[in-house]
Amino acid sequence: MFRFLVSLLSVGAMLFILDRVGARVMWWVNQHTHDVSGPKIRMMTDSVDADFVMMGTSRCNSHYVPSILADSLRLTVYNGGVDASGCIFAHYFLLQQLLRHHSPKMVGLDVLPNDYMVNPSSFNTMGFFAPYIGRSKEADEVFHEAGTYWYYQISHLYRYNSKAVSNLAGLLVNRQEHVDRGYLPGPPPPIFPDRLRTDVPDVLEVDSLKINYLEKFITQCQQRGILVFFVVSPSYTKVSPGLYDPLKDVAHRHGIPFFDYHTARLFHDHPDYFRDHNHLWDRGARLYSSRFAHDLKLWWERQNDANHSREDSVPTS
């Protein structure tokens, strides 16, 4: 019995050592990869210092050209959209990582119905961010909500499971060529969308936990004096005007703007701007960024004017 226990402890110790050594190796891979999302997550967690940061999923990654926004707003801009990041849970985690080292002047969140709708797979992509567990108590809340926090604590190597192949491939192939402050220009597709999609449901069930995290996203910014807004970028789909009402309600309750270019049907007369029904390619992204920059600049200037008016009205002693 004693020899069995010694053997069992020896195997356990060996597995623990292999797990921790393997995690160290994969951390190095994670910090040196040039795949699509690894460098961006690394930048958002450690070194982004832009005045204005856009956040969201692949639609954010594909739709906002920082150089165009920067020229209009006279601010430094970073596109922090992460492909396949999922929904507000991922965005909230990444926001907390950003706020650990930097408070920008403005944060924009490109939102989707998945940011409020009930979806049993909403936590599936959180594994992308697991290597950064332990840096922020607020960020780690999301993994507690997902029920995976202790799995990642037991096995540090498991934290790299979701992106291991992509990260390793990124050591051999550089996917970051021609990057513009987080934006990777997309080439024209071989075939443009041939017809407007109309199969999007009009009514979706609301997930109260997602609404809670949307509100926490806003308040975390506002408590630091960061201007925040929601925006829906163009999509080659026809949807009900009320599809985004739960998101608009959150924005209204917290006094932030909601820019909606989807139900306004922007570019529905130009399928040649889209690489698929949900994503613009580089030409469309540049045209959209110019339009959005104009609208955002007007709002940004009003905010600055209002701030100056408040400062001027404060009596001096």
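Trainee: Why does Glu141 count as partly exposed?
Mentor: Its relative accessibility is 28%. Buried needs under 20% and exposed over 50%. Glu141 has 28%, so it counts as partly exposed. Keep in mind that this is a predicted model.

Trainee: What makes the contact of Lys216 and Glu141 a salt bridge?
Mentor: The side chains meet at 2.7 Å, N to O. The cut-off is within 4 Å, between a Lys or Arg side-chain nitrogen and an Asp or Glu carboxyl oxygen. The Lys216 and Glu141 pair therefore qualifies.

Trainee: Which parts does the pair tie together?
Mentor: Lys216 lies in helix H9 (residues 208-222) and Glu141 in helix H6 (residues 137-146), so the pair ties together parts that are 75 residues apart in sequence.

Trainee: How do you know that Arg291 and Asp295 form a salt bridge?
Mentor: Their closest N and O atoms are 3.4 Å apart. That is within 4 Å, so the pair counts. Both sit in helix H11 (residues 282-313), 4 residues apart, which means a separation of about one helical turn. Arg291 has a relative accessible area of 41% and is partly exposed. The structure holds 10 salt bridges.

Trainee: Arg197 and Asp199 meet in a salt bridge too. Why is Asp199 called exposed?
Mentor: Asp199 has 54% relative accessibility. The limit is over 50%, so Asp199 counts as exposed. Arg197, at 30%, is partly exposed. The two side chains are 2.9 Å apart, N to O.

Trainee: How do you know that strand E1 pairs with E3?
Mentor: Pairing needs at least two bridges. E1 and strand E3 (residues 106-110) have 4, in the parallel sense, so they pair. Strand E2 (residues 77-79) joins E1 by 3 bridges, also parallel. Phe52 has bridge partners Val77 in E2 and Met106 in E3.

Trainee: Which way do the residues of E1 point?
Mentor: Phe52 and Met54 point one way, Val53 and Met55 the other, and all are buried.

Trainee: What is the volume of the largest cavity?
Mentor: About 50 Å³. Its lining has 3 nonpolar, 4 polar and 1 charged residues. Lys163 is among the lining residues. Lys counts as charged, so Lys163 belongs in that class.

Notes. Residues numbered from 1 in each chain as written. Predicted model: local features only at pLDDT ≥ 70, side-chain atom pairs only at ≥ 80, totals over all residues. Heavy atoms only, no water. Helix = DSSP H or I, 4+ residues; strand = E, 2+ residues; numbered from the N terminus. Buried < 20%, exposed > 50% of the residue type's maximum accessible area, 1.4 Å probe, protein only. 1 Å grid on protein atoms, 1.4 Å probe; cavity = no way out; pocket = protein on both sides within 12 Å on 5 of 7 lines; lining within 4 Å. Points joined across faces, edges and corners; volume = space filled by probe spheres on them.
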